[in-house]
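Biologist: I have the structure open and would like to go through a few local features with you. Shall we begin?

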Amino acid sequence: MSAEVAVRPRSAALRELAELLGERLSTNPTVCRQHGRGEAYHAEMPPDAVAFVRSTAEVGALLAVCAKHAMPVIPFGAGTSLEGHVAAVRGGVCVDLTGMDRIIEVNAEDLDCRVEAGVTRKRLNAELRDTGLFFPIDPGADATLGGMAATRASGTNAVRYGTMRDNVLGLTVVLADGTVLRTGTRARKSSAGYDLTRLFIGAEGTLGIITELQLRLYGQPEAVAVVVCAFPTVAAAVDTVIATIQSGIPVARVELLDAVQMRACIAHAGLQAHAAAPTLFVEFHGTPAGVEEQTAAVLDLAGAQGAIQVHRASSPEERSRLWQARHDAYYAALALRPGAAAWATDVCVPISRLAECIVATSEEIAASGLLAPIVGHVGDGNFHCLFLLDPHAPEEWRMARELNERMVQRALDAGGTCTGEHGVGLGKIASVAKEVGAEGLAVMRRIKQALDPAGLLNPGKILG
């Protein structure tokens with residue numbers, strides 16, 4: 001089937017799509033190349049054309065044309081994915097959803113809203129500011145909400161607010177034949193049949209294209225506090241996190257940066273007052289009294305683990321500066337080795353196994369001689385290392401692959417997962433096969449066959 005799709009003439013499909021979209025269908029090579037990769041190490045794989053859609057109805061009409069002509073379709077948001085999700089491995093049409101950027105409704109009394117898939121998280125929160133509400137999922141990049149749902153994104157706030165899986169009430173999805181499906185309701189719970197909403201969250205556009213989302217919102221906290229604690233070792237920092245979570249202290253965010261990453265952030269963001277040592281960024285939300293109590297409790301735990309430096313952010317501006325430094329960790333790390341290619345890994349383990357997994361990974365990186373800083377959303381057991389590799393040094397890539405394979409296997413052996421938030425895409429197909437087993441893969445393939453029998457939706461991803 002895949003070979004047939006790859007070689008079938010596509011000129012008729014492109015003519016029909018041009019009639020549908022006019023100048024919003026582009027075959028410009030530069031535009032196609034821009035849409036053929038995300039922020040990842042994967043090779044650029046441009047589509048035959050890029051469609052800039054404006055409505056669910058247009059997406060439905062486009063998919064109906066593509067189904068008729070066996071044309072592959074790849075959804076595209078902000079292009080910030082890290083596992084090759086937007087690569088057009090068999091050519092086809094890239095559906096750029098960024099023009100679908102309406103905030104359709106905000107229901108402040110019910111703490112929910114409805115948005116189109118091209119709305120970014122920062123824009124939504126800017127629009128919500130005057131309502132006293134916010135949307136908490138924060139993967140770092142200013143990703144589109146449709147893309148965040150498609151990859152089941154999470155980020156720094158997941159320890160308190162959960163992931164996209166927990167914060168999407170319903171979806172509008174266009175299926176492979178152009179059928180428009182609406183899932184879920186505005187109710188906070190339901191037991192009405194199969195959970196179709198969550199079927200599409202994390203499906204990476206392989207089962208349908210998300211065009212609208214109904215989202216949970218939260219009240220902005222009355223008080224916020226941030227502390228930054230440096231430690232003599234990674235193990236001491238992680239043990240502080242484990243003790244914090246096991247003590248039931250309701251932290252909103254807790255992020256780990258190892259010494260290499262902290263050194264990069266100090267240089268990139270001007271954090272000269274902070275030590276180039278394993279460091280935790282911890283944020284608390286609540287009432288002023290509650291936040292003060294939580295802060296004191298975590299500082300006691302950090303002191304018990306031998307914290308060598310403690311800094312409390314004293315203003316909203318300073319808090320923003322610290323979190324911006326954390327969000328810019330990827331770019332800060334790239335500056336450590338100009339010209340290097342970056343490979344971001346992603347595993348998640350039970351909190352009780354976190355210290356041993358991070359320490360083992362850190363030791364293996366040191367022994368390899370590779371440059372690979374470690375960061376993590378450690379409050380929920382999720383961490384990453386960022387390999388900085390010479391694009392022209394095959395031996396470095398071989399060592400990185402071996403280290404990544406061992407890191408994934410260590411996570412699976414600990415009862416964890418090969419990807420906590422980046423998704424599968426092209427990069428983790430073999431790893432997800434190990435994780436879910438033959439039976440799990442067989443069920444996934446049956447679902448794919450039922451919803452996309454011709455294999456046209458984002459082909460080559462998740463299942464290969």
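Biologist: Where is Asn 458 found?
Modeller: In this predicted model, Asn 458 lies in the segment after α17 (429-451).

Biologist: Is Asn 458 buried or exposed?
Modeller: Asn 458 has 2% relative accessibility, so it counts as buried, the cut-off being under 20%.

Biologist: And what is the phi of Asn 458?
Modeller: Asn 458 has a positive phi of about 40 degrees, although it is not a glycine. Most residues other than glycine have a negative phi.

Biologist: Which loop holds Glu 204, and what is its phi?
Modeller: Glu 204 sits in the loop between α9 and β10. Its phi is positive, about 60 degrees, and Glu 204 is not a glycine either. At 5% relative accessibility, Glu 204 counts as buried.

Biologist: Where is Ile 201 placed?
Modeller: Ile 201 is in the loop between α9 (196-200) and β10 (209-216). With 1% relative accessibility, Ile 201 counts as buried.

Biologist: What does Ile 201 touch?
Modeller: Leaving out residues up to four places away in sequence, Ile 201 touches Ala 149, Arg 152, Met 164, Arg 165, Val 168 and Leu 171.

Biologist: Changing topic, at what angle do α2 and α4 pack?
Modeller: Helix α2 (residues 11-21) and helix α4 (residues 56-69) pack at about 165 degrees, with axes 9 Å apart. Because angles over 145 degrees count as roughly antiparallel, α2 is roughly antiparallel to α4. The crossing of α2 and α4 is right-handed.

Biologist: Which residues make the contact?
Modeller: Among them are Ala 12, Leu 17 and Leu 20 of α2, and Ala 61, Val 65 and Cys 66 of α4. The contact of α2 with α4 comprises nine nonpolar, one polar and three charged residues.

Key:
Residues are numbered from 1 along each chain as its sequence is written. This is a predicted model: local features need pLDDT of at least 70, side-chain atom pairs count only at pLDDT 80 or more; totals for chains, interfaces and linings use all residues. Side-chain values use heavy atoms; hydrogens and water are left out. Axes are lines fitted to C-alpha atoms, for helices over the stretch in contact, and angles run from 0 to 180 degrees between N-to-C directions. Helices (H or I, at least four residues) and strands (E, at least two) are DSSP runs, numbered from the N terminus. Angles under 35 degrees count as roughly parallel, over 145 as roughly antiparallel, 65 to 115 as roughly perpendicular and the rest as oblique. A crossing is left-handed if the near helix is turned anticlockwise from the far one by less than a right angle, and right-handed if clockwise. Contact means heavy atoms within 4.5 Å. Ala, Val, Leu, Ile, Met, Phe, Trp, Tyr, Cys and Pro count as nonpolar, Asp, Glu, Lys and Arg as charged, and the others, Gly among them, as polar. Buried means under 20% relative accessible area, exposed over 50%, partly exposed in between (1.4 Å probe, protein chains only).
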